[in-house]
Amino acid sequence: ESNTGYNGSAIWAAIYEENCFARATGPSDMCLEERVLFRVLSGMHTAINVHVAMDKIGRQPLSPSRAAGVWAWQFGGEKAERLRNLHFAFIVLLRALRKGSEFVRAYDYHVTAEALQAATATGAPAPALEAAEAEAARTSALAAHLVGSC
């Protein structure tokens, strides 16, 4: 986030402070639930960093040596835990998708013309996908081998 100019510290502080965990001095002082939450949040931070880096690289291509240096700076040495936490958060997401797959399959994503008109009239954002695109995305996501492997 520091590379985007956006200050999300208030949001992250709220996420951490609104949970009923006592402030631990390190992982050994954390209960299981707190360690899981910490790893998932760390994975989210890492995902954001990777997306920001991808966006920057897309606008200003880096040389291979510079890209390797940025990668080592973000994820090298003791920071390798960030990648493990990203993987952990991804697995949690896939397991949640698998467990909720029946709901996701049964949910009606179709947007009626009346609902679209009402959203437009109130200034709400229009649905991002048409019904056919939403159905194709849902089917593809649920059929993916990764969802079934978790």
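From the N terminus on, the elements of the protein chain follow the order α-α-α-α-α-α-α-α. In other words, the chain holds 8 helices and 0 strands, where helices (H or I, at least four residues) and strands (E, at least two) are DSSP runs numbered from the N terminus. The model is a predicted one, so local features need pLDDT of at least 70 and side-chain atom pairs count only at pLDDT 80 or more, while totals for chains, interfaces and linings use all residues. Residues are numbered from 1 along each chain as its sequence is written, and side-chain values use heavy atoms, with hydrogens and water left out.

The pLDDT is the predictor's confidence in each residue, from 0 to 100. The protein chain averages 76 on this scale, and 69% of the residues score at least 70.

Turning to the chain as a whole, 16% of the 150 residues count as buried. Here buried means under 20% relative accessible area, exposed means over 50%, and partly exposed lies in between (1.4 Å probe, protein chains only). The accessible surface of the protein chain comes to about 11100 Å², and 62% of this surface belongs to carbon and sulfur atoms; the areas come from the Shrake-Rupley method with a 1.4 Å probe, and for residues only the protein chains shown count as cover. Of the contacts (heavy atoms within 4.5 Å) with a separation of 6 or more, 65% are between residues 24 or more positions apart.

Beyond residues up to four places away in sequence, Leu-41 touches Trp-12, Ile-15 and Tyr-16. The C-alpha atoms of Leu-41 and Trp-12 are 8.9 Å apart, although the two residues are 29 apart in sequence. Thr-46 is also found in α2, which spans residues 32–59, and is buried because its relative accessible area is 2%. Leaving aside neighbours within four places in sequence, Thr-46 is in contact with Phe-75, Arg-82, Leu-83 and Leu-86. A polar atom of the Thr-46 side chain lies 3.4 Å from the backbone oxygen of Arg-82.

Helix α3, residues 64–75, has 12 residues and reaches 16 Å from its first C-alpha to its last, close to the 16 Å expected at 1.5 Å a residue; the expected span is 1.5 Å times one less than the number of residues. Just after α3, Gly-77 takes a positive phi of about 60 degrees.

Next comes α4, whose 20 residues reach 29 Å from first C-alpha to last, close to the 28 Å expected. The buried residues of α4 are Asn-85, Ala-89 and Leu-94. Phe-90 also has its place in this helix, which covers residues 80–99, but Phe-90 counts as partly exposed because its relative accessibility is 38%.

Helix α5, residues 101–106, contains Glu-102, which counts as exposed because its relative accessibility is 56%. Glu-102 and Leu-142 are 40 residues apart along the chain, and their C-alpha atoms are separated by 9.5 Å.

Note on methods. Polar contact = N/O pair within 3.5 Å; in protein donor to acceptor, adjacent residues only side chain to side chain.
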